[in-house]
Amino acid sequence: MDGILLRVTGLMAGYATPVAGPLTFELRRGEILGLAGPNGAGKSTLLKALWGGVKVFGGRVEKAPGLAISHQAQGFDDLRGVPLTGRELLALTGAAPAGLPPWLTERLDWRLDRLSGGQLQFLRLWACLAAPADIVLLDEPSNNLDRAGVDYLADWLGRAHADQGIVIVSHDPALIDRVCTRVIEVGVDKVVPVQ
Amino acid sequence: MSFELLFDPLFRVPFFTGLLLAGLLPLIGMYLRLRGEWLAALAFAQMASAGALLAMVLGWPMLAGGALAALLAALAKGIAAAAGANAYALMMLLAWGAGVLLVANHPLAEQAGHALFDGQLYFTGEGHLLAVGLVCAGAVPVLLRLNRPLLLARFFPEFHQARGLDARPRLMLFDLLAGVVIALATVSIGVMAAFALVFVPPLVAYRFGRSWRFGLGLAALIGMGGYSLAFALSLAFDQPFGPVCAVLLVALILLLGVKSDRL
């Protein structure tokens, strides 16, 4: 694949019937690709299709051999009553706590149901971001984050991640503009290179 | 009331058989609760009870009949995963109905049926202790290995598939393990005590556990402590063990004031 992590060609995806696509792109290490577009365009469905989470109706998804994908999905199970700490949650995906914002580091040994919605979302995001993986897929990562959380995420993503390719689905154009090296408008099939 | 019986060698084998189960059942219950499948424990216990009764009527070992029925229930649960709680309710009704019919139509089954329901632990023999000891020795390391896949399946259900891995064999292994342990418990300490030990200690541990690891330890301790006290009280007051164990554990919940929104 010549340094290419992922090659997607004419991807059509959906559930009972196709609801998203066609989508074509290549992803290399060090790139952060944004999937933008209006609600209902099928961005999340296409993201899931990259790892087999939904049915592929057409096109191809070619992956480099031995590729590990980490996917942060939208939404989260009801955590009330489960006695799991933040540290235990990160250990599940193999994510290192080093690099977490200080306001979370000091709460790592708290139960998850004692954290605020924003803190929990960031921790969950971190469990995917910092997990050992070649490709990280982020679905609306800024949802439920406060301003400080979004800024920290954008700063972290803005630093060089030469070993990984990252794909972000977001309805937040400010985040997309700030961190992505390329943007694809889903539903429009147009690639916008970011300077 | 006599506490002297507690020190009678006759009761040592039943006591230690139940004690091992009282440490293991709450651990199984922690994972069943994690998966929202605690009702499966009651279905497995009822199926094991009906299987043990059928085996007795056919002249087979009750332990084997109970374990086989619970294993079939675990397999059926895996196959009918989409049915969820409906599958457990159907299994319970099937086992309940079959058990009552066996008790009504076979004189020996009536006595055994009462023992399985009440938990006449004192009839537990060395064969039970050996089987429970072997299962515990195997189950604890298996549970340690299954801990991460089971937690990942709850909190990051896409984790394995996104990496091209299949988590289903490990989840199925847990189902089978739960089936075997609950079947053994059902024929050793009865349906009621087995279900109480799967259900109540995890309920308290989820409320008061500071972490998952702490919660596992707390659940096992509550199970073993509650069981030991119930054993002593049922012997001292000459009461059936199962109801004493169940009432004692529920009283613990009321005493601790576990809030309804945490149940």
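**View 1. The crossing of helices α1 and α2 in chain B of a predicted model.** The axes of helix α1 (residues 12-34) of chain B and helix α2 (residues 38-58) of chain B come within 7 Å and cross at roughly 125°, where axes are lines fitted to C-alpha atoms, for helices over the stretch in contact, and angles run from 0 to 180 degrees between N-to-C directions. α1(B) and α2(B) are therefore oblique to each other, given that angles under 35 degrees count as roughly parallel, over 145 as roughly antiparallel, 65 to 115 as roughly perpendicular and the rest as oblique. On α1(B) the contact is made by B:Gly29, B:Leu32 and B:Arg33, and on α2(B) by B:Trp38, B:Ala40 and B:Ala41; two residues are in contact if their C-beta atoms, placed from the backbone, lie within 7 Å. By class, these contact residues divide into 4 nonpolar, 1 polar and 1 charged (Ala, Val, Leu, Ile, Met, Phe, Trp, Tyr, Cys and Pro count as nonpolar, Asp, Glu, Lys and Arg as charged, and the others, Gly among them, as polar). Helices (H or I, at least four residues) and strands (E, at least two) are DSSP runs, numbered from the N terminus.

Residues are numbered from 1 along each chain as its sequence is written, while chains are lettered from A and ligands numbered from 1 in the order in which they are written. Since this is a predicted model, local features need pLDDT of at least 70 and side-chain atom pairs count only at pLDDT 80 or more, whereas totals for chains, interfaces and linings use all residues.

**View 2. The largest nonpolar core.** The largest nonpolar core has 150 residues, and those with the most contacts inside it are B:Ala41, B:Phe44, B:Ala70, B:Val181, B:Ile182 and B:Ala194. Such a core is a set of buried Ala, Val, Leu, Ile, Met, Phe, Trp, Tyr and Cys residues joined through C-beta atoms within 7 Å, and a residue is buried if 20 or more other C-beta atoms lie within 10 Å of its own, exposed if 12 or fewer, and partly exposed in between, with C-beta atoms placed from the backbone. The largest share of this core, 15 residues, comes from α2(B). Leaving aside residues up to four places away in sequence, B:Ala70 touches several residues, including B:Phe44, B:Met47, B:Val180 and B:Ile182.

**View 3. Where chain B meets chain A.** In this view, 22 residues of chain B are in contact with 19 residues of chain A. On the side of chain B that touches chain A, at least two residues are supplied by each of α6 (126-155), α7 (159-162), α9 (191-208) and α10 (212-236) of chain B, and the largest share, 5 residues, comes from α6(B). By class, this side of chain B has 11 nonpolar, 4 polar and 7 charged residues.

**View 4. An open sheet in chain A.** Here 3 strands form an open sheet in the order β2-β1-β4 (chain A), and the pairing is antiparallel; two strands pair if DSSP finds at least two bridges between them. The edge strands are β2 (18-28) and β4 (55-63) of chain A, each of which pairs on one side only. Strand β1 (residues 4-14) of chain A is paired with β4(A) over 7 bridges, and in β4(A) the residue opposite A:Arg7 is A:Glu62. β1(A) and β2(A) also pair in the antiparallel sense over 7 bridges, forming a hairpin with 3 residues between them, and A:Leu11 has A:Leu23 in β2(A) as its bridge partner.

View 5. Strand β5 (residues 69-72) of chain A and strand β6 (residues 135-139) of chain A pair in the parallel sense over 4 bridges, and the bridge partner of A:Gln72 in β6(A) is A:Leu138. From β5(A), A:Ile69 and A:His71 point one way and A:Ser70 and A:Gln72 the other way, and all are buried. In the loop between β6 and α5 (147-158) of chain A lies A:Glu140, whose phi is near 50°, a positive value in a residue other than glycine. A:Glu140 is buried, with 21 other C-beta atoms within 10 Å. A:Asn144 is in the loop between β6 and α5 of chain A and has a positive phi of about 70° although it is not a glycine; with 18 C-beta neighbours inside 10 Å, A:Asn144 counts as partly exposed. Most residues other than glycine have a negative phi.
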